[in-house]
Amino acid sequence: MTEYRVGIMEIIFLGTGAAEGIPAINCNCSHYERARREGGKLQRERNAILLKLPDYNMLVETPPNTRGLINKYQVADLQGIIATHSTFSHTGGIKEFEYWQNHLDFLAEPGLFKAIYKEHWTERLEKIMFHIPYFPGAALHFGHFHMIPFAARRHQPIFGLSINNGEKQIVYTSSTPNRLTNYARTLMTGADVIIVNTPTFKTPKEDHITLVEAVDLKKEVDAGRLVLTAINHNNRPHDELEEYVRQFPGVTVAYDGMKLEV
Ligand SMILES: [Zn+2]
């Protein structure tokens, strides 16, 4: 079990790429060619985040390369997994947990769980996972902290999360479009950190908020810090993004292995 430290939460970005990862297979654009050649922060595994919360380590998303990520970052102490999507890029690695040695909570909204169950669930998983349903707008209390999921899409079950631990607040918007609900905007107002999936640099892009729009969102909701993640070739390479965001205080471009204490 994680030792409880008042007000401290740790975020570890295991993967910071969008659905296809960087470099994606079979794309020879200059962004991916550079990533193949130079490696380092230019390469991104698909999106996954480990949240070290008081007495509860929670994995957000289980992309298809989950086994590699768990081994790379030596994740052994885990209490729960939370799903925000049912798509392959976000949940395709759930079956890796068939071989996990302990019981795990599996947090998913009922409609989302139904989709994941149909696509990915197995008898072995059933023995390891205990499904805990979450509902948008309803707080889930975990003793020292609480979590409020919110709907990020109108027609697809995709959810963001707001996590409060004492005075500290982290918001993960997941794959939200720029048109957030008024509810979600209120929820994230004044958050210490907002983590936003931005595959694309700038408009036109309707299904995901763009990097440029996310920078505006940080200002609108008066968040202390913005972390940009889930990036692909519609966005810029890591070094160019770092250069771009330097003009905005409190804006960070995530890279694989990045750690953040809140
Ligand atoms: Zn490409």
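Mentor: Let us begin with terms. Helices (H or I, at least four residues) and strands (E, at least two) are DSSP runs, numbered from the N terminus. Two strands pair if DSSP finds at least two bridges between them. This is a predicted model, in which local features need pLDDT of at least 70 and side-chain atom pairs count only at pLDDT 80 or more, while totals for chains, interfaces and linings use all residues. Residues are numbered from 1 along each chain as its sequence is written.

Trainee: Which residue stands opposite G80 in β4?

Mentor: That residue is M58. Strand β3 (residues 56–60) and strand β4 (residues 80–82) run parallel and are joined by 3 bridges.

Trainee: In what order do the strands of the open sheet lie?

Mentor: The order of the 7 strands is β6-β5-β4-β3-β2-β1-β14, with mixed pairing. At the edges stand β6 (129–133) and β14 (259–261); each has a single partner strand, so one side of each lacks a neighbour in the sheet. On average, neighbouring strands of this sheet are turned by 20° against each other, direction ignored; here axes are lines fitted to C-alpha atoms, for helices over the stretch in contact, and angles run from 0 to 180 degrees between N-to-C directions. In total, the chain has 8 helices and 14 strands.

Trainee: How is the overall form of the chain judged?

Mentor: One uses the radius of gyration, taken over C-alpha atoms, and a globule rule of 2.2 Å times the number of residues to the power 0.38. For 262 residues a compact globule would have a radius near 18 Å, and the 17 Å of the chain agrees with this. Along the principal axes, the C-alpha atoms fill a box of roughly 45 × 40 × 40 Å.

Trainee: What share of the residues counts as buried?

Mentor: A residue is buried if 20 or more other C-beta atoms lie within 10 Å of its own, exposed if 12 or fewer, and partly exposed in between, with C-beta atoms placed from the backbone. By this rule, 44% of the 262 residues of the chain are buried. L50, found in strand β2, is buried, with 20 other C-beta atoms within 10 Å.

Trainee: Which residues does L50 contact, leaving aside its neighbours within four places in sequence?

Mentor: Two residues are in contact if their C-beta atoms, placed from the backbone, lie within 7 Å. With those neighbours left aside, L50 is in contact with I12, L14, N57, L59 and V75. The C-alpha atoms of L50 and E10 are separated by 8.1 Å, although these residues are 40 apart along the chain.

Trainee: How many other C-beta atoms lie within 10 Å of I116?

Mentor: There are 23, and I116 is therefore buried. Leaving aside its neighbours within four places in sequence, I116 is in contact with A83, S86, T91, I94, A108 and W121.
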